[in-house]
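Hi,

Here is the structure I promised to pass on to you. Have a look at it first, then read my notes below.

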Amino acid sequence: MKQIYPYGQWPSPITAEMLTQQSAKLSEVQTDGDDIFWLESRPSEKGRNALVQLSATGIASDVLPTPYSIRTRAHEYGGASYLVTADRIFCVLDTDQGIYVIDRVSNELTALSPTGPLASETKYRYADFAWDETRKRLICVREDHSQANHETKTEERSEIVAIDLNGNVVILISGADFYSNPRLNPAGDKLSYLCWNHPQMPWDGTECYCAELNAAGEITNTQLIAGSKTESVFQPQWSPDGELFFVSDSNNWWNIYRHTFNRAEGACADGSYSAELVCDIAVEFATPQWVFGMSTYGFLNAQEIFCCFSQNGQWQLGLIDIASKTLKVIQSEFKDIAGVHCHNERAYFFAASATQSNSLYIFHKQTIKPLLTASNSTLTHDDIAQPQAISFATSDNETAHGFYYTPKNKLITAPENTLPPLIVMCHGGPTGATETSLNLKIQFWTSRGFAVLDVNYRGSTGYGRQYRDRLKNNWGVTDVIDVCSGANYLIERGLVDKNKIAIRGSSAGGYTVLAVLTFGDIFKAGASLYGIGDLEALATDTHKFEARYLDSLVGEYPKEKAVYHARSPIHHIDQLNCPVIFLQGLKDKVVPPTQAEAMVAALTKKGIKNAYVTFAEEGHGFRQTESIQKAIEAELEFYLEIFG
């Protein structure tokens, strides 16, 4: 018989420690021969990115010992920080952002330069590598910080460079504000890449080019293949037959296209490429390019594409027959899938289900197998709340989406005729989407008797370009409407206690939290994890990648300065009358602690319950075990005090 406890006070098998014990984040799978590599970000090692190798015998081991961490800070968010070749591994070390070489036989680590790492004095950052086997050189994106000056607003310069094994650098392509995805065709005589310029973000508009290379590796001709200021192109990739594929949202959905080189032309002349939609379907084969190296598809062979795609906010696996242009869904329990990498008719990918955390899998001969042993967990299916996809009408007569989780605990039930408290979650970005795979940070709440609504407000990805664009010029408006409408949807159906409604979010999600609590009154408590309170400060003092992000979300600055002021909670503290807990890293450069401190002071002056929890060694986001545990325990204690 189940024990009876009030909602929100259930004894739970999910502790704060469990959130970090098995929470190493896996990314960037690569292969060479029978060896498989990936990165693990480990909170227990202060967020170190360890390069792990799985040998042909099935033994996993770190390639480099502690404290070596492989991480690039290009575009600040990084990604694509290493490359495996037959003889070497090229990688960026976090300590100095230099390119280093690991010998595949001896594991000896050396700098790719006769005089030391190429990032001397941190003037340069590197990412997104391709190996030019013909010319024995590395091709990658380089950020040149040597002339950057914050006072004069001189930005760092982005370019695509070639680096030989002696560390000599040649600039191949420059002129645009941003570059990514430099990729050589199988013959080594063509280089494709993406670029974009302010104020576009890569999900707003990118351009895909093909450059022709001569025998010396010099660019002789460049042709625009696809993309514009209003068309987002994602992951250009060469097929085994030398045809260029890419993802574009020109038909509202991020679908896969092919550009076939006209061999009769013999060059990338006008008209020598023709676009062809490979799979016309209302799903998304891409995701916002926040980091380098994101991959949703690869070539099993010249005839088949292995892919993952998002439909109604949830990810699935598929096989595309290129000749017939048909998509076959691969049945699985996976809810979130990423990092597709194909080699030797095998596909490798990271995936998680509603009951299993993220792990590494292989697809071969129509069979999916795990490559890593599942973590030992005391949780069972009966302990885990399942996401229920919901769509609801918004107060401005449109539709928004989300996932609802009911309280779940196999040993506990609540008293009759009572309703659970609700926590509404706001994902970050804001251009992004929530995930529906096993998330212990959600189960932490549902196992204690809280209901959770994870909102994919308008502006989220996975529902087409039109839905994504609804946040343009409306950040702080439509997202606020949507989270409030979602809470009301559950209240009106008698599913949650209207007097115990909380909202939480981090970074951009934290901005939505603060905007809702400042300009609305439906919520009774809030949690802002390094949340943005001052839009103007964010627009005037942030890194290059996001320097013009708010032009599309809020308005052109300083032309629309009044709008920034009107939507910034920090300028309307007098309207904030709701208990809030602020969780803040003291080394945060994106959202300085002063923003949270101003709101704490205002609430304290009014006599309104609040809490301010700081983390001396954390920046924008919590990476260390102790910080993650302390943050969620403090948040739970705060809700229990507020809701009695």
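Leaving out neighbours within four places in sequence, Y639 is in contact (heavy atoms within 4.5 Å) with I423, W445, F450, A502, I503, R504, A525, A527 and G644. Before going on, a word on where this comes from: it is a predicted model, where local features need pLDDT of at least 70 and side-chain atom pairs count only at pLDDT 80 or more, while totals for chains, interfaces and linings use all residues. Residues are numbered from 1 along each chain as its sequence is written, and side-chain values use heavy atoms, with hydrogens and water left out.

Back to Y639: along with W445, W475 and F523, Y639 touches the most other members of the largest nonpolar core, which has 112 residues. A nonpolar core here is a set of buried Ala, Val, Leu, Ile, Met, Phe, Trp, Tyr and Cys residues joined through side-chain atoms within 4.5 Å. Buried means under 20% relative accessible area, exposed is over 50%, and partly exposed is in between (1.4 Å probe, protein chains only). Helix α10 gives the most to this core, with eight residues. Apart from it lies another core of 20 residues, including A127 and L213.

Next, the sheet. It is open, with eight strands in the order β30-β31-β34-β33-β35-β36-β37-β38 and mixed pairing. Helices (H or I, at least four residues) and strands (E, at least two) are DSSP runs numbered from the N terminus, and two strands pair if DSSP finds at least two bridges between them. β30 and β38 stand at the edges with a single partner each, so one side of each has no neighbour in the sheet. Inside the sheet, β33 and β35 run parallel and are joined by five bridges; M425 has R504 as its bridge partner in β35. Helix α10 (residues 625-643) packs on the sheet, touching β33, β35, β36, β37 and β38.

What about helix α9? Its buried residues are P593, Q595, A596, M599, V600, A602 and L603, and what covers them includes α5, α6, β37 and β38. Just after α9, G607 takes a positive phi of about 80 degrees.

- H198 and P199 are joined by a cis peptide bond, omega about 5 degrees.
- The G429 to P430 bond is cis as well, with omega near 5 degrees.
- H75 is not a glycine, yet has a positive phi of about 60 degrees; H75 is buried, at 5% relative accessible area.
- E76 has a positive phi near 70 degrees and counts as partly exposed, at 31%.

Cheers

Key:
Axes fitted to C-alpha atoms, helices over the stretch in contact; angles between N-to-C directions.
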